[in-house]
Amino acid sequence: MATVLYITAHPLDPRESFSLTVGKEFIEAYREANPRDEVVHLDLYKENIPQFDADVLRGWEKLRSGSSFDQLSEAEKSKVARLGAIVDQFVVADKYVYVSPMWNFSIPPVLKAYTDATSVPGKTFKYTSNGPVGLLSGKKALHIQASGSAYSEGPLAPIEMGYSYLKTILQFYGIQSIEAIFVEGTASLEQAPAIKEKAIAHAKEVAKRF
């Protein structure tokens with residue numbers, strides 16, 4: 001039995017979002033194909049994901065300097081503990097499914113905050129004399145990304161910083177099995193329905209082997 005983190009980063013309902021619609025179809029097909037696996041849905045817009053603010057940075061520095069957790073302020077305790085819980089949940093999972101729109105060529109801020117929370121030395125990677133080494137080898141990930149124009153290839157590919165950023169982070173963690181489903185070109189109202197249906201069909205096929 002595998003544990004799958006289904007990580008969505010869109011504030012709207014699936015009926016209002018191309019990425020969430022395709023993501024919903026994918027995860028339903030995945031559950032059907034893998035009924036024994038545990039799927040944990042993390043709606044990042046409903047999760048408590050602390051920003052790296054002064055409380056977090058000072059709390060970490062106190063711990064590095066030898067202070068005990070009990071010596072932290074209440075705000076530091078709350079945020080540091082929550083960030084620890086986020087990365088611990090991430091580390092024990094086997095598969096990751098990210099669902100997000102492309103905003104301003106990249107990912108929503110809440111997804112960036114989540115990747116910050118999961119990028120922890122000693123948890124997802126470690127430093128060695130030969131440089132950083134990822135600690136999550138053997139796991140796999142999928143990113144479902146929707147965008148108004150086509151960025152996965154063609155003239156706009158150089159400014160695609162959503163999937164490319166997430167792929168870089170996951171590879172840094174040691175995850176090499178990374179796939180993407182692009183729902184792109186949706187700004188064309190005439191073509192959008194066909195684009196969505198094509199992406200759904202692709203998602204269902206990927207779900208059978210993911």
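Predicted model: local features only at pLDDT ≥ 70, side-chain atom pairs only at ≥ 80, totals over all residues.

I sorted the lining of the largest pocket by class and found six nonpolar, three polar and five charged residues. Nonpolar covers Ala, Val, Leu, Ile, Met, Phe, Trp, Tyr, Cys and Pro; charged covers Asp, Glu, Lys and Arg; polar covers the others, Gly among them.

Residues count from 1 along each chain as its sequence is written, and side-chain values use heavy atoms, without hydrogens and water.

The largest pocket holds about 220 Å³. Among its 14 lining residues, T8, P14, L20, H41 and D43 are the closest to its centre. A pocket is an open set of points on a 1 Å grid over the protein atoms alone, with protein on both sides within 12 Å along at least five of seven lines; a cavity is a set where a 1.4 Å probe fits but cannot get out; lining residues have an atom within 4 Å of a point. Points join across faces, edges and corners, and volume is the space filled by probe spheres set on them.

I found one cavity of 30 Å³ or more. The largest cavity has a volume of about 30 Å³. Its lining includes L42, R82 and Y114. By class, that lining has five nonpolar, one polar and two charged residues.
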